Amino acid sequence: MNLNQLETLLTISKTMSFRKAGELLNLTQPAVSAQIRSLEEEFGTILIDRNQPVTLTDSGKLFLEHAERILRTVEDLKQRLADLSQTPQGHIHIGTTTSIAMQILPRVLFYFQDQFPLIKTTIHSMTSSQIMTSVDNGSVDIGISYLYEKYPSLETSVLYYDTFELIVASSHPLSRYSHISIEKLRNLPFIMLSPETAGRRFVDQVFRTFDINPQIVMELSSSEEVKRMVELNLGAAIISKLSAVNDLHHGTLKMVKVDELEMTHPVGVVYKSGRYLNSAMHQFLQDLKGMPETQFLGSE
């Protein structure tokens with residue numbers, strides 16, 4: 001058995017065709033068939049049902065699971081060996097919220113692409129709770145998220161602090177106020193973030209404390225969607241101040257201070273405790289944690 005045979009089996013499982021697998025691997029169809037036949041002879045079982053479309057047998061499916069693990073181990077070994085060259089390189093999967101991805105990451109990633117061109121990044125947008133779960137199960141390498149919950153298996157480091165503020169359209173009746181009491185929020189139509197988001201959990205907690213049952217006219221999954229609906233004066237909202245900075249600057253939205261909402265919320269980087277950090281992750285974490293807070297809160 002060799003790695004080429006495992007890669008061939010993996011490619012066949014994806015393409016469901018000996019011919020297409022050969023094209024992707026730069027092999028002739030007889031060469032592809034010979035590799036699979038050699039595996040079947042070595043392990044004494046049929047791995048592939050040759051009828052069209054080509055499918056894996058039960059033995060083939062079991063074999064594929066182990067083949068994928070072997071190939072991942074080999075890739076990890078290659079990365080560790082490459083790290084010995086001391087040149088930060090590799091691919092990082094980052095999980096973060098939509099508002100952070102739009103407001104914070106452009107500045108951060110521009111710096112990394114300029115300084116470390118061999119570090120590639122893929123951004124996955126998700127809620128804060130999903131970020132924690134994804135970092136914990138390894139589906140993303142690093143998370144940047146609101147730090148509300150403690151996970152014993154995760155390492156966290158605070159990058160900056162954000163607040164959640166009341167925003168309204170410039171034509172909204174409350175826009176003429178700079179400061180109001182939370183009592184004025186009773187019976188006010190609200191556009192809310194979806195219940196699984198960090199911002200919504202905070203708002204729900206504050207409203208429960210003051211026995212306020214908000215009139216929710218709409219629930220949306222991201223701050224960007226919420227802002228657009230608020231601009232149309234369909235309701236007020238409570239969202240991350242940082243996500244609204246640009247809109248406040250241009251006057252499309254108005255922020256109204258509410259004392260009871262005045263609480264800072266830590267935003268930080270999250271990664272799996274004890275996991276191997278390749279050179280890309282090590283460099284990314286080192287520089288990210290070393291950046292001043294102004295790098296994240298920079299003027300829009």
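Glu40 is buried, with a relative accessible area of 8%. Buried here means under 20% relative accessible area, while exposed means over 50% and partly exposed lies in between (1.4 Å probe, protein chains only). The model is predicted, so local features need pLDDT of at least 70 and side-chain atom pairs count only at pLDDT 80 or more, while totals for chains, interfaces and linings use all residues. Residues are numbered from 1 along each chain as its sequence is written, and side-chain values use heavy atoms, with hydrogens and water left out.

Glu40 sits in helix H3 (residues 29-43). Helices (H or I, at least four residues) and strands (E, at least two) are DSSP runs, numbered from the N terminus. Leaving aside residues up to four places away in sequence, Glu40 touches Thr45, Ile46, Leu47, Ile48 and Arg50. Contact means heavy atoms within 4.5 Å.

## The H1-H2 pair

Helix H1 (residues 3-15) and helix H2 (residues 18-25) have axes that come within 8 Å and cross at roughly 125°. That makes H1 oblique to H2. The classes are: under 35 degrees roughly parallel, over 145 roughly antiparallel, 65 to 115 roughly perpendicular, and the rest oblique. Axes are lines fitted to C-alpha atoms, for helices over the stretch in contact, and angles run from 0 to 180 degrees between N-to-C directions.

The H1-H2 crossing is right-handed. A crossing is right-handed if the near helix is turned clockwise from the far one by less than a right angle, and left-handed if anticlockwise. From H1, Glu7, Thr8, Thr11, Ile12 and Thr15 meet Phe18, Lys20, Ala21, Leu24 and Leu25 of H2. The contact of H1 with H2 has five nonpolar, three polar and two charged residues. Ala, Val, Leu, Ile, Met, Phe, Trp, Tyr, Cys and Pro count as nonpolar, Asp, Glu, Lys and Arg as charged, and the others, Gly among them, as polar.

## The five-stranded sheet

Five strands form an open sheet in the order S4-S3-S5-S13-S6, with mixed pairing. Two strands pair if DSSP finds at least two bridges between them. Strand S4 (119-125) and strand S6 (154-162) stand at the edges. Each has a single partner strand, so one side of each is left without a neighbour in the sheet. The twist averages 20° from one strand to the next.

Strand S5 (residues 142-146) pairs with strand S13 (residues 265-272) in the antiparallel sense, over five bridges. Gly143 stands opposite Val270 in S13. S3 and S5 run parallel, joined by three bridges. Thr96 has Ile144 in S5 as its bridge partner. S5 is mostly covered: five of its five residues are buried. Helix H6 (residues 105-115) lies across strand S3 (90-96), S4 and S5, running at about 165° to S4.

## The four-stranded sheet

A second open sheet has four strands in the order S8-S12-S7-S11, again with mixed pairing. S8 and strand S11 (237-240) stand at the edges. Each has a single partner strand, so one side of each lacks a neighbour in the sheet. S7 and S11 pair in the antiparallel sense over four bridges. Ile167 stands opposite Ala237 in S11. H10 packs on the sheet, touching S7, S11 and strand S12 (253-258), and its direction makes about 105° with that of S11.

Leu174 lies in the loop between strand S7 (164-169) and strand S8 (179-180). At 8% relative accessibility, Leu174 counts as buried. Its contacts, not counting residues up to four places away in sequence, are Leu166, Val168, Ile180, Leu188 and Val256. The C-alpha atoms of Leu174 and Met255 are separated by 9.4 Å, with the two residues 81 apart along the chain.

## The H9-H10 pair

H10 also packs against a helix. Helix H9 (residues 223-231) and helix H10 (residues 241-250) pack at an angle of about 40°, with their axes 10 Å apart. The crossing of H9 and H10 is right-handed. Ser223, Glu224, Lys227, Arg228 and Glu231 in H9 meet Ser243, Ala244 and Asp247 in H10. The residues of this contact divide into one nonpolar, two polar and five charged.
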